[in-house]
Amino acid sequence: SENSENDDYEHAVVAILYWSHLYMGDLLRYDESYKQAEETYLKSSKLYPGNGNPFNQLAVVAQSQDSLSAVALYYYARSMMATQAPSAMSDSNLKRLFTSNVKWLDEHARGEDDSFSRSIFEVNEKEGNKADKKAQRDWQQKQKTAMNRMALAKFVDLQWSFVKGVSLDGASSFQDVIQDMDSMMEIFTNLINNASFGESLLCKIVAILSFATLGASNGGKLCKASMFDKKRRKDPNWKEDDIIASNALAFSFVLRFCTVLMNDVGTYLANKEGGKIGSIRSLSPMLLGVSFVNAMYKGSEWFHGLPFFPGKEFSSTASANQNCHIIREFCKQSHDEFWGSVAKVANQLDSLSKPSSEDEATADLIEVKDFAEFCGYVPFDSFLKHADNHTSGKSKYAPTEEVISVLTQKKSTANKKMESEVQTMIQLFLLFADKNTALSTVYGYDQSEFYLARNPETNERELYQSSDSVDDQYEDEVAAAETNF
């Protein structure tokens, strides 16, 4: 038909544009015009979001410029977990990134955890004795920049621990990782409380965490349960229990990071009680992170760590392993802290005015600022889809309107311009809306074991488990959670 021929023609044109920008980026990179190369690769990545090659090249550019190791890791994550065509080159490049990051840490006093954590406050509190205030501010900014880089280098090193995986047979392996996780969370809490990271970087950190979760103990590569037998035949010493435990540990870190973001949002709302709410730096990354968390609780073919979390029977042969029980307890703690923070923010929303019915009706995660750039990424593919997007299956390339937007560098008309307060309110209520949301089934995976329902006595949301002792009225409240939330 004529429409089909037009579609084929448009797709061919976009394909040519995609490859042209990819190769032009290569030429600019060879010429060491890194800024232009980065811009060109980014355009290429938006023309074919599910292809990993542009992201692999972006990671190479990031490393060539001695950028933050976390930025390069983000691009390798996008490259290796692209929905349509993951890059085969990223595997070896990723290992080199991790190795160079370890070298950088060793050269910059890796072991100064205590003094480093305390110095975050010292830089923000210290007044100094210098008369020149500008020089003092410049000094503080340099110190903050150095500490941010150190924090992100430590973060990248922790992700390598997840990617390599832990062994249930040796206590030192996973306990060292848990200790590093505790240290990293203390650092992140301090940095986020002091607004040291921007919204875009926080979103990239969430994307990296999702990559490490699904690629844990498998070199950063996706692995379905159906592939376990093949791995076992290839390597008789390979143990599925280790990949399950590594998935669980990495996911528990996602929960803890999202809890920090949730608490930061809650603190902001508490301080603005009764006042005008503007933009919240940690809101978008929180929404992105909680969306991923919800997708994993619902079940994913790539995620195998749920048996370590409350409410799931652990049928593995390692269930009698003492180390297994330690990890399960750690995961339970992360789980409870996360859901507790969700309940707290949900209760705070009760006192806020809802967005207009028109704004709420058109609200969609894909419309949240910068979320469209995560299309074509496997960890987020289940909740970041658009009706005319490439992920709908009709075409692997971006739709025409998006192509025009990319090439002209103009915002798509699909994204309405709103005041920051309206955007913030929509994002907050997207957490608990009925469609395309982070917590569309907040009462838990399998809709049976976990409930985030209102306590009939306090009228506040709390996390309830099916094993709790409840009276008939309480059970009615839990049963009504789906419709009355």
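Residues are numbered from 1 along each chain as its sequence is written, and side-chain values use heavy atoms, with hydrogens and water left out. Because the model is predicted, local features need pLDDT of at least 70 and side-chain atom pairs count only at pLDDT 80 or more, while totals for chains, interfaces and linings use all residues.

Start with the whole protein. It has 18 helices and 2 strands. Both are DSSP runs, numbered from the N terminus: helices are H or I with at least four residues, strands are E with at least two. Of the 485 residues, 50% count as buried. Buried means under 20% relative accessible area, exposed means over 50%, and partly exposed lies in between, with a 1.4 Å probe and protein chains only. The accessible surface comes to about 23,300 Å². Carbon and sulfur atoms hold 47% of that surface. The areas come from the Shrake-Rupley method with a 1.4 Å probe; for residues, only the protein chains shown count as cover.

Contacts come next. A contact means heavy atoms within 4.5 Å. Take the contacts between residues at least 6 apart in sequence: 72% of them join residues at least 24 apart.

Glutamate 32 sits in the loop between α1 (2-30) and α2 (34-47). Its phi is near 60 degrees, a positive value in a residue other than glycine. Glutamate 32 is exposed, with a relative accessible area of 58%. Alanine 195 lies in the loop between α8 (171-193) and α9 (199-214). Alanine 195 is not a glycine either, yet its phi is positive, at about 55 degrees. Its relative accessibility is 36%, so alanine 195 counts as partly exposed.

Now the aromatic rings. A pair of aromatic rings is described by the distance of the centres and the angle of the planes. Rings of Phe, Tyr and Trp (its six-membered ring) pair if their centres lie within 6.5 Å; planes under 30 degrees apart count as stacked, over 60 as edge-to-face and the rest as tilted. The whole structure holds 24 aromatic pairs. One of them joins phenylalanine 188 and phenylalanine 257: the centres are 5.2 Å apart and the planes stand at 65 degrees, so the pair is edge-to-face. This pair links distant parts of the chain, with phenylalanine 188 in helix α8 and phenylalanine 257 in helix α11 (residues 240-271), 69 residues apart. Phenylalanine 188 and phenylalanine 257 are both buried.

Stay with helix α11. Methionine 262 is found there. Methionine 262 is buried, at a relative accessible area of 1%. Leaving aside neighbours within four places in sequence, methionine 262 contacts Met286, Val290, Phe338, Ser341, Val342 and Val345. Its C-alpha atom is separated by 7.9 Å from that of leucine 283, 21 residues apart along the chain. Aspartate 241 is also in helix α11. This aspartate is buried, with a relative accessible area of 10%. Aspartate 241 and leucine 168 are 73 residues apart in sequence, and their C-alpha atoms are 7.5 Å apart in space.

Helix α9 holds threonine 213. Threonine 213 is buried, with a relative accessible area of 0%. Beyond neighbours within four places in sequence, threonine 213 is in contact with Asn247, Ala250, Phe251, Val254, Phe292 and Phe303.

Phenylalanine 228 belongs to helix α10 (residues 228-234). At 7% relative accessibility, phenylalanine 228 counts as buried. Neighbours within four places in sequence aside, its contacts are Cys223, Trp238, Glu240, Ile243 and His304. Phenylalanine 228 and glutamate 240 are 12 residues apart in sequence and 6.7 Å apart, C-alpha to C-alpha.

Finally, the empty space. Rolling a probe the size of a water molecule over the atoms shows where empty space is left. On a 1 Å grid over the protein atoms alone, a cavity is a set of points where a 1.4 Å probe fits but cannot get out; lining residues have an atom within 4 Å of a point. Grid points are joined across faces, edges and corners, and a volume is the space filled by probe spheres set on the points. The count comes to 1 cavity of 30 Å³ or more. The largest cavity holds about 60 Å³ of space. Its lining is Glu199, Ser200, Cys203, Lys204, Lys369, Asp370, Glu373 and Phe374. By class, that lining has 2 nonpolar, 1 polar and 5 charged residues. Here Ala, Val, Leu, Ile, Met, Phe, Trp, Tyr, Cys and Pro count as nonpolar, Asp, Glu, Lys and Arg as charged, and the others, Gly among them, as polar.

Notes:
1 Å grid on protein atoms, 1.4 Å probe; cavity = no way out; pocket = protein on both sides within 12 Å on 5 of 7 lines; lining within 4 Å.
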